[in-house]
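Biologist: I would like to learn how to read salt bridges in a protein model, and I would be glad if we could go through some cases slowly.

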Amino acid sequence: MKPISQYEPEVLRQSVVVFSQNYLPVGQIDIKRAIALLITGRAEPLDMLSQQTWQIISPQLVLQVPEHIRLTLTKSERFWRVPPVARREVLRRDNHTCQYCGSNKKLTIDHVIPRAKGGLNTWENVVIACESCNHRKGNRTPQEANMPLRIKPKAPMHPTVAFAEKFWRSQQENNSG
C-alpha cells in the first residue's frame, strides 16, 4: 500500500471497478470519483476480489481506496432498450468490418436472408458487407452463395451486462494464468 503524495500523480489515473448493490460489476471509474463516492457514503469498499488498495492522505483523513467498490444507493436500474437497427449501430456492432471477407473499405448493409425472400430488417438479419461481397452474394443466402459469415449477427447487449461479462472473463484469465 503506497501513500499518495504530490509527487505521485499516476495514482490519480488509476481506475476502480464499481459493483451494484447486487454485486454485479457495472462499470469502471477513475479513483477521484471513487474517493467522492466513498467519502459521501454512496459506496463501500469491496475487498473480496483483490488486495490492491491505494492510501489517500489528506489533512483531514486517511482513506483506503480498494480496486473494487460497491454502491450503497437504492437507486433502481435504468431501463435500457435495444436500439433500432440503423447503419451507424450496425457498423459499431460489426466493428466497421465486412462480415464476409474482413475488409473495411466501401461498406454497405447486407440482409443475411434477402428481403425479397422474406428477410426482415432485424439485428439478427443485417450485417456489414463490403460492396464487392454484397454484390457477389446478390439475392441469395450466405449458404447459397457459399459465403459463410464470420460472426453470427445478434442484437447489442445491455452495456452493464457487456461490462460484467468482460470483467468476469478477465478475472478468470487472471486466476487461471
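Modeller: Keep in mind that this is a predicted model. The general idea is that side chains of opposite charge can pair when their charged atoms come close.

Biologist: How many salt bridges does the count come to here?

Modeller: With a side-chain nitrogen of Lys or Arg required to lie within 4 Å of a carboxyl oxygen of Asp or Glu, the count comes to six salt bridges. One of them joins the side chains of Arg70 and Glu44, with 2.5 Å from N to O.

Biologist: Which parts does the pair of Arg70 and Glu44 tie together?

Modeller: Arg70 belongs to strand β6 (residues 68–71) and Glu44 to strand β3 (residues 43–46), so this pair links parts that are 26 residues apart in sequence. Arg70 counts as buried, at 15% relative accessibility, whereas Glu44 is partly exposed, at 28%.

Biologist: Where do Arg169 and Glu165 lie?

Modeller: Both lie in helix α4 (residues 159–176), where they are four residues apart and therefore separated by about one helical turn.

Biologist: What is the partner of Arg93, and how far apart are the closest N and O atoms?

Modeller: Arg93 forms a salt bridge with Asp94, and their closest N and O atoms are 2.8 Å apart. In this pair Asp94 is buried, with a relative accessible area of 8%, but Arg93 is partly exposed, with 23%.

Conventions: Residues numbered from 1 in each chain as written. Predicted model: local features only at pLDDT ≥ 70, side-chain atom pairs only at ≥ 80, totals over all residues. Heavy atoms only, no water. Helix = DSSP H or I, 4+ residues; strand = E, 2+ residues; numbered from the N terminus. Buried < 20%, exposed > 50% of the residue type's maximum accessible area, 1.4 Å probe, protein only.
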